[in-house]
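Work through the exercises below with the sequence and the model in view. Each task is followed by a solution in steps.

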Amino acid sequence: MDAGARVDALRRRFKPARRGHSLCFNPPPRPDTVTDVDAIPALAAQQTGPRPVRRTLHRFANPGRFLRLAARVQPWLTGPALLLTLLGLGWGLLFSPADYQQGDAVRIMYVHVPCAWLSTAGYAGLAAASLAALVWRHPLADMAAAEIGPVGALVTALCLATGSLWGKPMWGAWWVWDARLTSELVLFFLYCGHMMLIRAFDDAERGARAGAILALVGVVNLPIIHYSVQWWSTLHQGNSIGLTGSSTMSGSMLWPLAVAALGTTLGFAAIVVARLRAAVMERRLRGLLMAHAESVA
Amino acid sequence: MINPLGYDHLSYIAASYGLFAAATLYLVLGSRARLATVSRRLRAADPRARGSSAE
């Protein structure tokens with residue numbers, strides 16, 4: 001394949017960013033061009049005073065600025081995440097009491113509940129990123145949704161697997177088709193569907209838009225998961241933790257669970273930020289390679 | 001089965017924590033490796049990126 005054909009192939013595969021974002025992910029600027037609004041004094045002066053939400057979002061969507069910010073934030077997420085997760089899980093595994101009905105099997109809760117929480121919270125994040133991509137055409141939003149998806153799917157699979165491992169000794173069955181388990185399984189399929197849909201089109205932008213629509217439609221499943229144990233008679237136990245002080249769980253179990261949940265939430269965020277940093281750099285690398293191929297052609 | 005803590009259902013508990021640890025390691029090491037690889041390739045492709053805080 002000659003150089004011109006290679007450039008055409010690269011152009012088809014990696015379309016330029018969408019209208020309004022063409023400065024963000026393109027190859028590095030030539031010396032006579034400027035990519036950052038703040039670098040233009042006249043435009044920067046116009047931006048003084050209260051900024052519209054959209055402009056503020058786009059300001060933080062600048063990939064270079066995101067990479068600098070993310071590199072600074074990452075250690076502050078990773079360190080506490082590791083510490084709190086190990087503390088919460090160790091506390092729950094070794095020092096919390098056994099349940100009077102479930103015995104020691106209740107210790108699976110310290111893994112299962114944070115995974116269940118993260119599976120729904122992660123999907124809410126995926127849907128929020130999809131909304132930002134559809135409504136504001138936020139340049140990083142599509143990438144954030146694409147990076148949250150696999151992590152959320154793995155966490156949801158982990159929630160289903162640990163739930164199954166908890167269900168077998170307690171219910172005598174690995175799986176029952178009750179409302180909570182089924183709606184969580186639907187959530188897993190939504191994650192998988194999103195991951196497949198964004199890669200199903202030759203045009204990456206169309207794939208991202210289709211995935212975003214699927215993600216927003218799937219939001220309807222989140223309240224179903226949460227209220228399934230109230231709306232239907234389920235084998236799965238009801239909610240025993242409430243944010244308004246209505247928890248029915250003993251403090252000796254609640255505290256390690258809260259610490260583990262906080263640690264895993266920070267860990268989820270740290271992993272998504274790391275993946276998003278890598279995705280931004282990969283896109284920048286593709287731009288560089290395309291520019292190089294063009295210059296050779 | 002070795003059960004120093006004397007827990008009942010120990011195999012289910014161990015399997016749960018083991019799965020969690022394996023998934024966490026996969027995610028953490030995978031994202032670190034991906035980040036390191038793309039940083040190295042970016043530095044190789046863009047001389048201006050060398051020494052940049054972005055990586």
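**Exercise 1.** Decide whether Gln102(A) is buried, exposed or partly exposed.

Solution. Gln102(A) has 17 C-beta neighbours inside 10 Å, so Gln102(A) counts as partly exposed. The cut-offs are these: a residue is buried if 20 or more other C-beta atoms lie within 10 Å of its own, exposed if 12 or fewer, and partly exposed in between, with C-beta atoms placed from the backbone. Gln102(A) sits in the loop between H4 and H5 of chain A. From C-alpha to C-alpha, Gln102(A) is 41 Å from Ala212(A), and 110 residues separate the two in sequence.

The model is predicted: local features need pLDDT of at least 70 and side-chain atom pairs count only at pLDDT 80 or more, while totals for chains, interfaces and linings use all residues. Residues are numbered from 1 along each chain as its sequence is written, and chains are lettered from A and ligands numbered from 1 in the order in which they are written.

**Exercise 2.** State how many helices and strands chain A has.

Solution. Chain A has 10 helices and 0 strands. Helices (H or I, at least four residues) and strands (E, at least two) are DSSP runs, numbered from the N terminus. Of the 297 residues in chain A, 37% are buried.

**Exercise 3.** Find which helix of chain A gives the most residues to the side that touches chain B.

Solution. Begin with the whole contact: 33 residues come from chain A and 26 residues from chain B. Two residues are in contact if their C-beta atoms, placed from the backbone, lie within 7 Å. On the chain A side, H4 (63–95), H5 (109–135), H6 (141–171) and H10 (251–296) each supply at least two residues. H10(A) gives the most, with 11 residues. By class, the chain A side holds 21 nonpolar, 4 polar and 8 charged residues. Here Ala, Val, Leu, Ile, Met, Phe, Trp, Tyr, Cys and Pro count as nonpolar, Asp, Glu, Lys and Arg as charged, and the others, Gly among them, as polar.

**Exercise 4.** Describe how H10(A) and H1(B) cross.

Solution. Two packed helices are described by the angle between their axes and the distance between the axes. The axes of H10(A) and H1(B), residues 10–45 of chain B, come within 9 Å and cross at roughly 25°. H10(A) is therefore roughly parallel to H1(B). Angles under 35 degrees count as roughly parallel, over 145 as roughly antiparallel, 65 to 115 as roughly perpendicular and the rest as oblique. Axes are lines fitted to C-alpha atoms, for helices over the stretch in contact, and angles run from 0 to 180 degrees between N-to-C directions. Among the residues that make the contact are Ile271(A) and Leu285(A) of H10(A), and Leu27(B) and Val38(B) of H1(B). The contact of H10(A) with H1(B) has 13 nonpolar, 2 polar and 7 charged residues.

**Exercise 5.** Name what covers the buried residues of H1(B).

Solution. The buried residues of H1(B) include Tyr12(B), Phe20(B) and Leu27(B). Their cover includes H5, H6 and H10 of chain A. Val28(B), also in H1 of chain B, counts as partly exposed because it has 17 C-beta neighbours inside 10 Å.
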